[in-house]
Amino acid sequence: MPTKDERVFAALIYVISFFTAFVGPLVIWLLKKESSQFVDYHGREYLNFFISYTIYSIVAGVLSLVLIGFLLLPVIGIALIVFTIIAAVRAYEGTDYRFPLIFRIL
C-alpha cells in the first residue's frame with residue numbers, strides 16, 4: 001500500500017495537468033520516480049496518456065478539413081477531462097489506473 005505522500009504526489013500529477021499540461025506532471029514525475037514506484041507508475045501512465053491524446057487531437061485536427069474532426073475534437077476533450085479526474089481519484093485512493101486507448105510508449 002502506498003504511503004499518503006506517494007498517493008498525494010501521484011494524484012498531483014493529474015491535478016496539476018489541468019494547469020500545465022506537460023511541464024508540471026513531468027517535473028513531479030522526474031523528481032519522485034526514483035523514490036516511489038507508485039509515483040513512477042502514475043507518471044509514466046500520464047505521459048503515455050498525454051502523448052496518445054496529443055496524437056489523437058492532431059489527427060482530429062487534420063480530419064477537420066473533411067468535417068469529421070469537428071465531431072471528434074469535443075469527444076477527445078471530454079475524454080481528457082473525465083479520464084484525468086478518474087485517474088486522480090484512483091491515484092489518491094492508492095490504486096493503479098490504466099487509461100483506455102493509449103499507446104504504451106514509456
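Asp40 touches Trp29 and Lys33, where a touch means heavy atoms within 4.5 Å and residues up to four places away in sequence are not counted. This is a predicted model, in which local features need pLDDT of at least 70 and side-chain atom pairs count only at pLDDT 80 or more, while totals for chains, interfaces and linings use all residues. Residues are numbered from 1 along each chain as its sequence is written, and side-chain values use heavy atoms, with hydrogens and water left out.

**Residues of helix H3**

- Asp40 lies in helix H3, residues 37-63, helices being DSSP runs of H or I with at least four residues, numbered from the N terminus.
- With a relative accessible area of 16%, Asp40 is buried (under 20%, with exposed over 50% and partly exposed in between, for a 1.4 Å probe and protein chains only).
- Ile55 also lies in helix H3, and its relative accessibility of 37% makes it partly exposed.
- The C-alpha atoms of Ile55 and Phe103 are separated by 10.0 Å, and these residues are 48 residues apart along the chain.

**Packing of H1 with H4**

- Helix H1 (residues 4-16) packs with helix H4 (residues 69-93) at an angle of about 175°, their axes being 7 Å apart; axes are lines fitted to C-alpha atoms over the stretch in contact, and angles run from 0 to 180 degrees between N-to-C directions.
- H1 and H4 are therefore roughly antiparallel to each other, a term for angles over 145 degrees.
- On the H1 side the contact includes Tyr14 and Val15, and on the H4 side it includes Ala91 and Tyr92.

Key:
Helix = DSSP H or I, 4+ residues; strand = E, 2+ residues; numbered from the N terminus. Parallel < 35°, antiparallel > 145°, perpendicular 65-115°, else oblique.
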